[in-house]
Structure formats: structure tokens, C-alpha cells
Amino acid sequence: MANPSLLILAGDGIGPEVMAEVKKIIGWMGAKRSVTFDVTEDLVGGCAYDKHGVPLHDDTMAKAQEVDAVLLGAVGGPQYDNLDFSVKPERGLLRLRKEMDLFSNLRPAQCFDALADFSSLKKDVVAGLDIVIVRELTSGVYFGEPRGIFVEGNERVGINTQRYTESEIARVARSAFELARKRANKVCSMEKANVMESGILWREVVQEIHDKEYPDVALSHMYADNGAMQLVRWPKQFDVIVTDNLFGDVLSDCAAMLTGSLGMLPSASLGAPMANGRPKALYEPVHGSAPDIAGTGKANPIACILSFAMALRYSFDMGEDAARIEKAVEKVLADGLRTADLMGPDGGTPITTTQMGDAIIAALDASL
Ligand code: NAD
């Protein structure tokens with residue numbers, strides 16, 4: 001059987017720094033777990049613009065369509081701020097998401113016990129938290145027509161349209177149910193069916209898909225405003241939350257911050273299954289290119305490393321190795337090792353990006 005294939009797009013700023021630590025783990029997987037990935041590397045974002053005059057070359061796009069999974073670091077930087085909108089670094093990432101049709105965005109909020117004090121919520125509310133928000137990513141109010149700013153009478157009116165087809169709702173619902181089956185088997189669907197017709201349809205379709213295809217998964221429905229409140233009140237009541245693009249944007253940021261630092265948050269964006277049964281997939285940390293700390297060794301590589309763990313779980317069915325990496329991260333944090341972003345008010349000496357990667361490798365070795 002062919003080796004699993006990965007396209008690595010480290011990008012700009014701290015992207016290459018955090019990705020270097022992921023590459024160590026890929027090397028470790030080959031040496032210690034006999035899992036060899038066929039890795040190709042290429043450019044995205046500002047570095048692609050510098051070389052090709054576009055933030056994503058067509059050849060890179062073609063490679064992304066062929067591999068089993070894409071791993072992305074981060075894009076952007078102040079030196080690109082004045083570029084034309086069409087060639088800004090972020091357009092490279094948007095093109096990947098659009099052309100790969102990555103409609104299901106998975107944002108886990110997982111709180112490692114050692115960092116529970118970091119949350120703005122009480123420790124017992126967040127310690128051990130492990131939930132995933134599945135956000136519909138390619139439709140809804142950010143894309144619906146008509147849209148624009150128009151003149152009506154003697155004033156301007158801003159219009160965006162929330163629009164969802166049944167099939168768009170069905171496919172993201174399936175993605176959430178599939179995910180729940182690999183976890184605690186519970187899905188909560190959030191919308192505003194009390195005031196929005198698109199919300200009524202959302203609720204009906206999610207329920208139909210559940211009844212026909214996933215009756216074994218526990219399904220509940222919640223209005224999204226109540227969902228926001230419940231996320232802060234008692235987040236551990238949830239396992240998988242599925243919601244639309246707009247509510248998902250807000251709720252996933254809210255849930256993510258329950259756990260502390262931006263440097264800890266991974267994400268996955270999944271599309272339809274390819275011929276080999278694996279979903280089209282892009283894995284990336286939630287954070288950006290952090291130009292303020294690029295080149296200083298301060299970047300926390302954990303978000304990128306946990307994104308790779310998600311790739312193992314969701315693209316390659318290597319849940320055991322994904323859990324091994326997550327446990328290794330938990331171990332180094334429990335041992336008190338911290339990059340600068342994780343330093344509490346009591347101070348202490350932070351370790352560098354490379355030292356954090358090495359410590360995780362040592363914990364992986366110890367796990368064998
Ligand atoms: P950012 O996420 O890059 O940084 C926000 C803050 O968090 C900064 O203080 C940064 O130092 C810190 N931070 C981020 N990641 C960290 C890590 N791994 N370890 C330690 N600290 C970390 O967001 P920003 O400053 O708003 O944007 C900077 C650039 O990144 C911009 O060009 C923006 O467009 C781009 N951006 C890219 C993505 C992406 O590639 N997906 C996402 C967001 C922003």
C-alpha cells in the first residue's frame with residue numbers, strides 16, 4: 001500500500017518555526033512507529049507571493065488536491081499589508097479552502113489540566129474539558145446573495161443573506177455525526193429556529209439525517225444564543241456541537257478561549273471523501289503568523305503539533321498515535337514546561353520553540 005501523503009505549507013512568520021517541530025514528530029513516527037509519510041513541501045502566503053507574485057501557485061493548488069492531507073503553518077505579515085486584496089497572503093489560504101471545498105471546520109476546545117488556571121473561567125468548569133465545534137464553512141450568510149451596500153430612498157442599507165440548501169446542511173451534519181462516533185457519541189445542533197427560517201430548515205435536516213443514518217448518536221438542539229451562555233456556564237455538557245458559518249465563527253472563538261492560549265489551538269477543515277475514502281483535509285493551528293515574535297524562538301509549537309495529531313486521527317485513522325501525541329503534550333505541560341505565551345503571573349523561565357518540540361519528542365519516546 002502507498003505511504004500516506006502530506007503537503008506541508010509552512011507559510012510565513014512563525015509558520016516555519018512551529019512546522020519544524022511537527023517535522024520532527026513526522027520523523028519520529030517513521031523511526032519509532034514505522035509510519036512513513038510521503039512529504040512534499042511548498043509555499044503559501046507572503047513567501048509564495050515573493051517567489052511567484054501570487055499567494056498560492058496553481059502547481060501548489062494541484063498538489064493540495066492530490067495529497068491525503070495538507071498541513072499549513074500560518075500566513076501573513078506587515079510587509080504584505082499594502083498589497084492588492086487579490087494577492088494578499090490570506091487569499092492563498094482562502095483559495096485552498098474554497099477549491100478543496102472544505103465545508104466542515106473542526107475546532108476542538110481541549111483544556112489540559114496543567115493549564116486550567118489559564119482560563120478566565122473557574123478551574124472546575126474547564127479542567128478536563130474536551131469538546132469540538134463543527135462549523136459549516138463554505139455557505140451561509142458570508143456567501144449568500146443578495147449582498148452589498150445599496151441606497152434606498154435617502155439612506156444606505158447593508159444586506160447579507162443567510163442561505164442554506166438541504167444538501168449543505170446534510171453534509172456538515174454527517175461530518176458532525178461521524179466525528180461524534182469517534183468520541184462520546186453526542187451531538188448538539190445550534191441555530192435560531194425560533195426566529196430564522198434557515199434555522200428551521202437546519203433543525204429539520206439535522207434531525208432527518210440523524211433519524212435515518214445516525215440513530216445511535218445522541219442528538220439535541222439548542223438556540224445558538226443559549227448555546228453561547230451554556231458554553232460559558234458548563235461547557236462539559238457538550239461533546240460535538242454542529243452549527244452554521246456565522247454562529248460557528250462566534251461560538252468556536254468563545255469555546256477556544258475557554259482553554260487559554262492561542263498557541264494551543266489546532267483546527268481541521270474537511271471536505272468530501274476522495275476516491276480512497278479519506279476526506280479532503282487541511283490541518284492548521286488557529287493562530288496567525290505572529291510577526292511580533294517571529295524569529296525569536298518564542299512561538300509555541302503545540303497548536304501546530306496538535307493539528308498534526310488531528311490529521312492522524314481524522315485523515316489516517318491513527319487515533320492511537322494521535323492520543324499518544326496529545327498525552328505527550330499533556331506530560332510536558334504537567335512537568336511545568338512552558339513557552340513564553342503560557343507563563344503565568346508568577347513568572348518562571350520559558351523554554352523555546354525548539355526546546356518544547358524536543359521535550360514532546362522525549363515524552364513520545366518515554367511512551368513506547
Ligand atoms: P496572530 O495569531 O498572528 O497573533 C496574535 C497574538 O498571539 C500575537 O501577540 C502573537 O505573538 C500571539 N501568538 C500567536 N500564535 C502564537 C504562538 N504559536 N505562540 C505564542 N504566541 C502566539 O494574529 P494577528 O497578530 O492578528 O495577525 C498576524 C498576521 O497573521 C496577520 O498578517 C494576519 O492576517 C495573519 N493571520 C493569519 C492566520 C492564518 O494563517 N490562518 C490567522 C490569523 C491571522
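Visitor: Buried means under 20% relative accessible area, exposed over 50%, and partly exposed in between. Before I use those words, what kind of model is this?

Guide: This is a predicted model.

Visitor: Thanks! How is the chain divided?

Guide: There are two domains: domain 1 covers 1-105 + 261-368, and domain 2 covers 130-258. Their C-alpha centres are 26 Å apart. Where they touch, domain 1 contributes 13 residues and domain 2 contributes 14 residues.

Visitor: How much area is buried between domain 1 and domain 2?

Guide: About 1100 Å², with carbon and sulfur atoms giving 58% of that. On the domain 1 side, the residues that lose the most area to domain 2 are Phe103, Asn105 and Tyr314, and together they account for 54% of what that side buries.

Visitor: And how many salt bridges cross that interface?

Guide: Two salt bridges cross between domain 1 and domain 2. As for elements, strand S4 (104-110) and helix H10 (302-314) each give two or more residues to the side of domain 1 that touches domain 2. The residues on that side are five nonpolar, four polar and four charged.

Visitor: What does the side chain of serine 307 reach?

Guide: The side chain of serine 307 comes to 2.8 Å from the backbone oxygen of alanine 303. A polar atom of that side chain also lies 3.2 Å from the backbone oxygen of glutamate 284. Setting aside neighbours within four places in sequence, serine 307 is in contact with Pro266, Ser267, Tyr283, Glu284 and Pro285.

Visitor: Glutamate 284 came up there. Which residue forms a salt bridge with glutamate 284?

Guide: Arginine 97 does, with the closest N and O atoms 3.0 Å apart. Arginine 97 sits in helix H4 (residues 89-99) and glutamate 284 in strand S12 (residues 279-285), so this pair ties together parts that are 187 residues apart in sequence. Glutamate 284 is buried because its relative accessibility is 5%, while arginine 97, at 24%, is partly exposed.

Visitor: Why can side chains pair up like that?

Guide: Side chains of opposite charge can pair when their charged atoms come close.

Visitor: How many salt bridges does the count come to?

Guide: The count comes to 25 salt bridges. One of them joins arginine 183 and aspartate 239, at 2.9 Å from N to O. Arginine 183 is in the loop between helix H6 (166-181) and strand S8 (186-191), and aspartate 239 is in the loop between helix H8 (224-233) and strand S10 (240-243), 56 residues apart. Arginine 183 is partly exposed at 23%, whereas aspartate 239 is buried at 4%.

Visitor: Back to arginine 313: which side chain does it meet in a salt bridge?

Guide: Arginine 313 meets glutamate 326, at 2.8 Å from N to O. Glutamate 326 belongs to helix H11 (residues 319-334) and arginine 313 to helix H10, 13 residues apart. Here glutamate 326 and arginine 313 are both buried.

Visitor: One last thing: which residues are linked in a network of salt bridges?

Guide: A salt-bridge network links Arg33, Glu320, Asp321 and Arg324.

Conventions. Residues are numbered from 1 along each chain as its sequence is written. This is a predicted model: local features need pLDDT of at least 70, side-chain atom pairs count only at pLDDT 80 or more; totals for chains, interfaces and linings use all residues. Side-chain values use heavy atoms; hydrogens and water are left out. Domain bounds come from an automatic or database domain assignment. Contact means heavy atoms within 4.5 Å. Buried area is the accessible area (1.4 Å probe) that two parts lose on being put together, summed over both. A salt bridge is a side-chain nitrogen of Lys or Arg within 4 Å of a carboxyl oxygen of Asp or Glu. Helices (H or I, at least four residues) and strands (E, at least two) are DSSP runs, numbered from the N terminus. Ala, Val, Leu, Ile, Met, Phe, Trp, Tyr, Cys and Pro count as nonpolar, Asp, Glu, Lys and Arg as charged, and the others, Gly among them, as polar. A polar contact is a pair of N or O atoms within 3.5 Å; within protein, one must be able to donate a hydrogen and the other to accept it, and residues adjacent in sequence count only if both atoms are side-chain atoms. Buried means under 20% relative accessible area, exposed over 50%, partly exposed in between (1.4 Å probe, protein chains only).
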